[in-house]
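Here is a brief report on one protein model. Look over the sequence and the structure first.

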Amino acid sequence: MSEGETLNITRLPFQPLPSVVPPDSYDAHRSKQTPLVIDNGSTNLRFGFATSSTPRTGLNVVAKYKERRTNKPLLLFGEGIEAESGAKAQAKTPWEGDVLLNFDALENALDYAFIHLGIDTPTVDHPVIMTERLSSPLHSRALTSELMFEQYAVPSLAYCVDSVMSFYHNNIPSPPIPFTSDGLVVSFNSASTSVIPLLNGKGIMSHAKRIPWGATQATEFLLKLVQLKYPTFPTRVTTAQTSWMLQNFCEFAIDYPALLRELKDPLKLRASERIVQFPFILPVIEEKTEEELARIAERKKEQGRKLQEIAAKSRMEKLVQKESDLQHLLSLRERREEESKKDWAEEGFENDAALDGAIKKLESNLKRARKKEADGEDMEDEPPSFPLIDVPDADLDEDGLKEKKKQRLLRAGYEARERARKEKEREREEREAEERKEEEERDRDLAGWATKLRKEHDAIINKIKDRNRRKAALTDRKSAASQARMKSIANLAADERVPKKRRKNGGEDMFGADDADWQIYRKINTTAPSSDEEDDYANLQTVEQKLLAYDPTFTAEHTHASLSSQRSALMQAFRPEYAEGDVEGKTRIHLNVERWRVPEAWFQPSMAGVDSAGLGEVIQTVLARFTDTEKGRLVKNVFVTGGPSQIPNLLPRLNATLRPILPPEMPLDIVRAADPVLDAWRGMADFARTDELKRVGVTKAEYEEWGGERIKRWWGGNWNASVPI
């Protein structure tokens with residue numbers, strides 16, 4: 001089994017280049033006034049003659065672009081814009097959301113449509129039936145009518161609602177039987193979702209409802225979720241790619257809360273994910289021969305040896321200097337009764353406490369330096385001799401003085417190492433004594449010893465938790481920890497240890513002379529590590545090793561690392577982490593919860609930040625305006641259409657939503673359009689081939705009399721500002 005099959009990996013498809021489709025021949029329709037059918041969708045424009053079985057289609061986007069080589073203006077439409085990178089910036093769509101506003105772009109799109117239909121006459125001498133949104137604004141309809149009658153001189157123009165025509169195509173009776181079907185049309189559009197009841201083949205537009213959520217909003221919602229989940233994704237995720245993910249990986253949940261409870265299991269969450277692999281480029285690694293690698297390794301080794309020698313010499317000089325400084329401070333403390341306050345001030349100490357603090361600090365630093373020096377070098381078997389140390393300087397020449405100075409430095413280093421060795425030996429003996437004592441206690445009472453270590457283990461973990469909680473609280477400026485931090489900063493700003501007069505004259509700032517100052521510093525600095533943080537982790541590791549070795553009830557699952565990984569198992573399943581050098585893994589998007597969360601916004605728009613009722617509530621509101629008899633006729637044929645209706649599990653989800661709000665004895669039948677994308681255009685073509693088109697279309701004379709806002713009232717169109725036929 002391949003890796004893609006095992007991990008559900010799908011590679012992002014490449015966008016194919018658009019193909020050049022020649023215009024159709026106009027000879028079959030010349031002077032015959034064959035009706036033109038135009039489905040003016042906010043995403044796709046579908047156009048064709050009513051006698052065609054399928055329409056021409058393309059993205060409803062146009063761009064005026066000047067070709068660089070010939071400097072000629074071009075009009076690009078749909079997928080052709082993707083072929084020219086310079087044209088993308090000039091792209092325009094007639095729609096803004098769900099409202100038709102950009103009529104220059106609409107004119108360009110219609111020019112494209114009529115040219116590709118082969119129409120070569122000065123005017124478009126064909127009746128036109130065209131879609132418009134539910135409850136279309138009168139301004140949009142007026143400008144569209146003006147464009148069709150004034151620019152193209154069409155003989156008549158009829159408007160219809162696309163979802164009603166899709167219902168008509170799927171329920172059309174055999175002629176001469178009139179269209180009298182009942183049903184509840186649920187139309188999933190690009191920028192909205194509509195619910196339209198039909199009784200006796202007539203759309204009840206006064207009872208229709210629409211929610212402001214469609215495929216465009218769902219795509220943007222999924223894009224935001226991906227960007228939030230992968231803020232440092234190396235590749236730009238586009239809207240087209242997110243739309244492809246929505247169509248191929250998202251699905252409706254029949255019971256969304258129950259699904260979330262099920263996905264709390266990391267194993268089930270991993271099993272439900274779909275992985276999208278984006279394109280990536282592997283870094284070029286320059287391969288070197290074995291000789292080159294050996295030469296590089298030898299050069300690094302030599303450089304490391306030199307650095308070690310320099311560091312050792314520097315450490316020794318600092319150690320000798322610290323020894324000298326300590327001896328000076330100790331002698332100063334012995335002469336404290338003889339020295340005057342002026343002499344003390346010259347040494348930089350105000351009182352005895354300052355001197356004792358400096359000695360204590362220097363002894364601590366010296367102890368650490370000795371221990372480090374003792375760990376780094378082995379002690380000699382025999383003590384070295386320094387014969388020139390006791391020789392007076394007057395008896396030595398210049399070379400002898402240099403050698404004496406060198407021997408003095410070597411003796412100081414040797415003595416420092418000897419003291420460090422003795423200190424280390426003393427610490428080892430103390431540690432062995434403690435281990436023997438602990439072993440005796442463990443042999444005497446294993447349960448009590450384990451209980452004591454368990455309490456110590458829990459105390460250290462709680463201390464680490466408290467420290468992490470405090471760090472998290474400091475990121476919230478309204479938390480008590482952040483306010484205490486600001487108070488400490490304000491107190492430090494008002495500190496009067498250095499008088500204002502001395503501050504102006506460049507007086508020395510004494511911050512740090514007291515150990516408590518560094519506690520305040522760690523308290524106000526959110527990035528400074530705690531003084532005992534490393535010790536806590538070291539002690540925790542020691543305690544856990546002892547418990548694992550001697551306590552049979554303490555297993556690897558009880559360790560801090562295991563508990564931390566268990567807490568993050570769900571997070572790891574939600575967004576797996578890849579190694580630093582894994583370029584292929586870093587360009588993967590893991591879709592799991594998002595697959596159901598995005599479609600759920602149709603039923604709960606509030607979860608995406610939209611203040612609107614969900615689809616189930618809207619349908620319930622529409623049905624509440626009918627009698628029980630009419631309601632039964634409507635729900636017997638709940639018709640779902642539109643491109644987003646192809647998302648899996650929509651029909652079971654609608655059934656689970658509507659069944660509880662209907663009487664148990666009332667039958668419920670939900671069906672999807674045979675072709676949710678093209679059935680609206682096919683229904684318009686079916687209607688255009690009937691004689692009824694002549695009665696519902698507005699002629700040029702009626703347009704001039706009524707204006708572009710007025711339409712005729714009929715079963716498939718809007719009723720606002722319309723006149724009876």
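At what angle do helix H6 and helix H7 pack, and how far apart are their axes?

## Helix pair H6 and H7

Helix H6 (residues 215–229) packs on helix H7 (residues 239–249) at about 100°, with the axes 9 Å apart. Axes are lines fitted to C-alpha atoms over the stretch in contact, and angles run from 0 to 180 degrees between N-to-C directions. H6 is therefore roughly perpendicular to H7 (65 to 115 degrees).

On the H6 side, the contact uses Ala-215, Ala-218, Thr-219, Leu-222 and Leu-223. They meet Thr-239, Thr-242, Ser-243, Met-245 and Leu-246 of H7. Contact means heavy atoms within 4.5 Å.

## Basis of the model

The model is predicted: local features need pLDDT of at least 70, side-chain atom pairs need 80 or more, and totals for chains, interfaces and linings use all residues. Numbering starts from 1 along each chain as its sequence is written, and side-chain values use heavy atoms, without hydrogens and water.

## Six-stranded sheet

An open sheet with mixed pairing runs S4-S3-S2-S9-S10-S19. Strands pair if DSSP finds at least two bridges between them. S4 (56–59) and S19 (698–699) are the edge strands, each pairing on one side only.

Strand S9 (residues 128–131) runs parallel to strand S10 (residues 156–160), joined by four bridges. Met-130 sits opposite Tyr-159 of S10.

## Whole protein

The protein has 28 helices and 21 strands. These are DSSP runs: helices (H or I) of at least four residues, strands (E) of at least two, numbered from the N terminus.

Of its 725 residues, 39% are buried (under 20% relative accessible area, 1.4 Å probe, protein chains only).

How values were computed
Parallel < 35°, antiparallel > 145°, perpendicular 65-115°, else oblique. Buried < 20%, exposed > 50% of the residue type's maximum accessible area, 1.4 Å probe, protein only.
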